[in-house]
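Please look at the structure before reading on.

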Amino acid sequence: MVKTTDITLAVIAKDLKKSPSDALVIGVAQGTDGPVLLANPLSAKAAETLAGSLEVLGVTGAPDQAHRLPGLPETGAGVLVLAGVGNLENGALSEEALRRAAGSAVRQLAGLASVTLAFPTASLADVAAVAEGATLGAYSYTEHRSSKDGLKDPVAKAVIYTDVAAKDAQPALDRAGLIGRAVNATRTLVNQPPSHLYPESFADSAKELAKGLPVKITVWDEKRLEKEGFGGILGVGKGSTRQPRLVKVEYAPAKASKKIALVGKGITFDTGGISIKPALGMGDMKSDMAGAAVVLNTVLAVAGLGLPVKVTAWLCIAENMPSGAAQRPADVLTVYGGKTVEVLNTDAEGRLVMADGLVAASLEQPDAIIDVATLTGAQLIALGNRTAGVMGSDSVTAALKSAADRAGELVWPMPLPEELRASLDSQVADLANIGERHGGMMTAAVFLREFVGKDAAGEQIPWAHVDIAGPSFNNGSPYGYTPKQGTGCTVRTLLAYVEDVLAASA
């Protein structure tokens, strides 16, 4: 069972003493002449004294700095926290800066039951950003600990100090809580060890997470996959004793005005198969199912919000293992729909399972298809650990970039050079599963494009591929609202994309 971390959110507009908490958090920015204390609920005298002492205290305003001081009687909080927000943009805080500062503070204050977040919030959007940051910062993964000794429970309640009226803020708080649950459920799925998360249990987790929501879940087991010709998923899963699955998660409200398909790579563990990976770092390959977790929880979030759009997620799930039954380099498999692929490298397996999913999604003639996958190490080389690559139809990639900017996530559009297609030519099949090594992220996307179908007019369905190999898993220190290991990245971007599509069609 996938457990999510929930935090109670509330707002307060006046006397802090009427809503006591364990800590009061106020913001400090990095100014050109030193740290700057941001607007806060302290008395003028207390604020003036504190502002004059920032440098002496070692407070710089840098992101992720959380300096604790004894609480002031006037605040009703036992601890006063000075939280760094970084540089101001045109004299103000961006929504993402608020989101990160709130998330960082809540994350670092684990062990306290309640906090009051008193960052400057000039609008309802600002309140929503602080609330989202709090939900994302209040995450922990302790499911497999035999004891919680030495572990701190995440903050259970966050109160936002703001001039925005509580009745106006409540919808934003509700939405922030829903987004937090979706992102945190994604993180938890990614963090699950492969001993516990494998194709069958992943399918069961999807059903569990969908309980109470108006979604339909259909599962293809290995027998149905073979009967219907899903050769990509079956080929990758042949080497494992734990059989593959295809899971369709469908939200189809009666008044849907648009149809969007999401396809996610769900390799629950990737050894590389016969083309085995080096041992160093292989444990991180439990995260190779992040794309499937992202699209699953995006659909559930859309359903939770009741948006009038049909969204279908296709979870392409397999475990890539070496064995006497595993597919070999030089094998040829037949993808759903009939195209054949020569498998030159069994570690280029994600694109094989995704090919099946893209064909299946295309047959339903959606208005757009977006696939999400931890697909290539080349993505990290090109864009690093925190920025996802986006490739495909210009209309969809541009919309995704805009949605990501609004959601506060990092994506960057990349081209699909036509000359890369020739490198995928095979002597024995329709195409090979690997091609040009340089620009490998783009080569993989060119491969996927071959399996995107046509619309009723005979044109390719608008499509985009999102490579999240780097940003889906954080091997470094926590930062902002981002914990170690599973990050849940792109759930917020996809949700924002769906909302933008609806706004454009209204």
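Helix α5 (residues 166-191) packs against helix α9 (residues 290-305) at an angle of about 160 degrees, with the axes 9 Å apart. Because of that angle, α5 is roughly antiparallel to α9, a label for angles over 145 degrees. Axes are lines fitted to C-alpha atoms, for helices over the stretch in contact, and angles run from 0 to 180 degrees between N-to-C directions. Helices are DSSP runs of H or I with at least four residues, numbered from the N terminus.

This is a predicted model, in which local features need pLDDT of at least 70 and side-chain atom pairs count only at pLDDT 80 or more, while totals for chains, interfaces and linings use all residues. Residues are numbered from 1 along each chain as its sequence is written, and side-chain values use heavy atoms, with hydrogens and water left out.

A second pair is formed by helix α10 (residues 350-362) and α13, whose axes come within 9 Å and cross at roughly 35 degrees. The residues in contact (heavy atoms within 4.5 Å) are R351, L352, M354, A355 and L358 of α10 and A444, F447 and L448 of α13.

The table sorts the contact residues by class.

Helix α13 (residues 440-449) is largely enclosed by the rest of the structure, because 10 of its 10 residues are buried. Buried means under 20% relative accessible area (1.4 Å probe, protein chains only).

A nonpolar core is a set of buried Ala, Val, Leu, Ile, Met, Phe, Trp, Tyr and Cys residues joined through side-chain atoms within 4.5 Å. The largest one has 63 residues, of which F202, L296, L315, I370, L400 and Y497 touch the most other members. Helix α9 gives the most to this core, with 11 residues. A second, separate core of 45 residues includes L234, A261, A360 and F447.

T135 lies in helix α4 (residues 124-137). T135 is buried, with a relative accessible area of 3%. Leaving aside residues up to four places away in sequence, T135 touches I7, L9, A176, G177, G180 and N184.

How values were computed. Helices (H or I, at least four residues) and strands (E, at least two) are DSSP runs, numbered from the N terminus. Angles under 35 degrees count as roughly parallel, over 145 as roughly antiparallel, 65 to 115 as roughly perpendicular and the rest as oblique. Buried means under 20% relative accessible area, exposed over 50%, partly exposed in between (1.4 Å probe, protein chains only).
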